[in-house]
Amino acid sequence: MSRLRLITRQSGERLSDDAGFTLIELMVACLVGIVVIIAATNLIDSSGRASVGVLDRVDGVQRGRVAMEQITQRLRTQVCPADGVTPVLYGDSDQVTFYADLSTRTDGLFQPEVRRIRFVASEKKIYEDVWDYQTTAPTATTAGSPTVPAYAATLSTSSPAAAPTSTRVILANVSATTSGATTLPVFTYFGFNSASPPTADLALSAPLSSDDRDLVARVGIAFDSQPTRNAGGNAARDALNTRFENSVFARTADPLQPTRDPVACI
């Protein structure tokens, strides 16, 4: 009987044990959990925004690199259509028009086309216009005696009268490079200076005069490639723009003979 009472008393003590969380402890635990969840959510959100920013920058860099490569390739194909005729037809801060030869002809005929690279700020695009060689102008001739296409004179302006044969977009979502409050030109032009040895860093005023067109030895290119998602021009996302700069020497530029027209093919 004594043993039975002892067992009964021990069982009652275990059943009446109220050890556990108090209400205050439970509230503190919930508060700590909420803080941890909010911190984790903010971390995930920040990581997501950073990932989007990286993707946007990669997008701008890739498209800008391809565009710059195409522009420099075109400018490097400058040719003179005839002896004593400069390749550059027109040039200002937003566009440059020039003779080029990207032909794949195998018959030996020299028929340079006219190409224009132009930046349209209102559309945030860089275009390439092409005027094919017109065989109805001077008859196609061999490379030994090239002639100037008859329509060329109409292209020596900022707004050519002749419609291009084809037009395509080289780069969309692009803006002119800025330095502080100053908007820099997309195209700049340089001739040889009088130093010894000469260098092609003599700045030529744009738009180019008829005399300065004969002196162009180097063309500078500069623009900012913007992420596709920044098409609306969100100023807060301009930090993701990528600046591209390059310069192209005229194929006929000869630094050893700066007193001669560096691009006149004489």
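The model is predicted: local features need pLDDT of at least 70, side-chain atom pairs count only at pLDDT 80 or more, and totals for chains, interfaces and linings use all residues. Residues are numbered from 1 along each chain as its sequence is written, and side-chain values use heavy atoms, with hydrogens and water left out.

**Overall build**

- The protein has 3 helices and 14 strands. These are DSSP runs numbered from the N terminus (helices: H or I, at least four residues; strands: E, at least two).
- Of the 266 residues, 37% are buried. Buried means under 20% relative accessible area, exposed means over 50%, and partly exposed lies in between (1.4 Å probe, protein chains only).
- Among contacts with a separation of 6 or more, 64% join residues 24 or more positions apart. A contact here means heavy atoms within 4.5 Å.
- The accessible surface is about 15100 Å², and carbon and sulfur atoms hold 58% of it. Areas come from the Shrake-Rupley method with a 1.4 Å probe; for residues, only the protein chains shown count as cover.

**Aromatic rings**

- The count is 1 aromatic pair. Rings of Phe, Tyr and Trp (its six-membered ring) pair if their centres lie within 6.5 Å; planes under 30 degrees apart count as stacked, over 60 as edge-to-face, and the rest as tilted.
- Phe223 and Phe244 make up this pair, which is stacked, at 5.7 Å centre to centre with 25° between the planes.
- Phe223 sits in strand β13 (residues 218-225) and Phe244 in strand β14 (residues 242-249), so the pair ties together parts 21 residues apart in sequence.
- Both Phe223 and Phe244 are buried.

**Charges over rings**

- Arg118 places its charged end over the ring of Tyr127, 4.5 Å from the centre. The rule asks for NZ of Lys or CZ of Arg within 6 Å of the ring centre and within 35 degrees of the ring normal.
- Arg218 has its charged end over the ring of Phe190, 4.1 Å from the centre.

**Gln73**

- Gln73 belongs to helix α2 (residues 23-76).
- Its relative accessibility is 38%, so Gln73 counts as partly exposed.
- Gln73 and Val248 are 175 residues apart along the chain, yet their C-alpha atoms are separated by 8.9 Å.
- The side chains of Gln73 and Arg74 make a polar contact of 2.3 Å. Such a contact is a pair of N or O atoms within 3.5 Å; within protein, one must be able to donate a hydrogen and the other to accept it, and residues adjacent in sequence count only if both atoms are side-chain atoms.

**Lys124**

- Lys124 lies in the loop between β4 (113-120) and β5 (125-131).
- Lys124 counts as buried because its relative accessibility is 18%.
- The side chain of Lys124 makes a polar contact of 2.6 Å with that of Gln226.
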